[in-house]
Amino acid sequence: MEKGNYTYILQCADHTLYTGWTNDLDRRLKAHNEGKASKYTRSRLPVRLIYSEEYQTKREAMKRESAIKRLSRQEKLKLIQNDALKE
């Protein structure tokens with residue numbers, strides 16, 4: 001079974017946003033909440049997954065992560081809101 005590659009955004013307890021990529025969302029979210037995934041999120045627990053996109057390759061996911069990190073907070077919130085409206 002092939003794993004997907006994901007770009008994701010987390011909301012931290014202090015309401016800041018964290019963007020990353022992984023090939024296992026559940027494992028990565030668990031690691032973040034255990035304080036083992038990122039220095040940034042370690043001091044802002046708990047975190048919750050609020051947005052994700054799936055890609056075929058690691059390269060695509062990493063490229064998208066980089067693009068999202070360049071967005072302003074307002075642009076990220078708009079991206080998240082637009083995704084929620086699709087559901």
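Is Y8 buried or exposed? Select Y8 to begin: this residue is buried, with a relative accessible area of 1%. Buried stands for under 20% relative accessible area, exposed for over 50%, and partly exposed for what lies in between, using a 1.4 Å probe and protein chains only.

Before going on, note that this is a predicted model, in which local features need pLDDT of at least 70 and side-chain atom pairs count only at pLDDT 80 or more, while totals for chains, interfaces and linings use all residues. Residues are numbered from 1 along each chain as its sequence is written, and side-chain values use heavy atoms, with hydrogens and water left out.

**Whole chain**

Show the chain as a cartoon. Four helices and three strands are there, in the order β-β-α-α-β-α-α along the sequence. Helices (H or I, at least four residues) and strands (E, at least two) are DSSP runs numbered from the N terminus.

Switch to the C-alpha trace, which spans about 30 × 30 × 25 Å along its principal axes.

Colour by burial next: 34% of the 87 residues count as buried. For contacts (heavy atoms within 4.5 Å) between residues at least 6 apart in sequence, 53% join residues at least 24 apart.

**The tyrosines**

Now select Y8, Y18 and Y40, which ring pairs link into a cluster. Rings of Phe, Tyr and Trp (its six-membered ring) pair if their centres lie within 6.5 Å; planes under 30 degrees apart count as stacked, over 60 as edge-to-face and the rest as tilted. By this rule there are two aromatic pairs.

Start with Y8 and Y18. Their ring centres are 6.4 Å apart and their planes stand at 40 degrees, so this pair is tilted. Y8 sits in strand 1 (residues 5-11) and Y18 in strand 2 (residues 17-22), 10 residues apart. Y18 is buried, at a relative accessible area of 16%.

Keep Y18 and move to Y40. Here the centres are 6.1 Å apart with planes at 20 degrees, so the pair is stacked. Because Y18 lies in strand 2 and Y40 in helix 2 (residues 39-42), this pair ties together parts 22 residues apart in sequence. Finish on Y40, which is partly exposed, with a relative accessible area of 29%.
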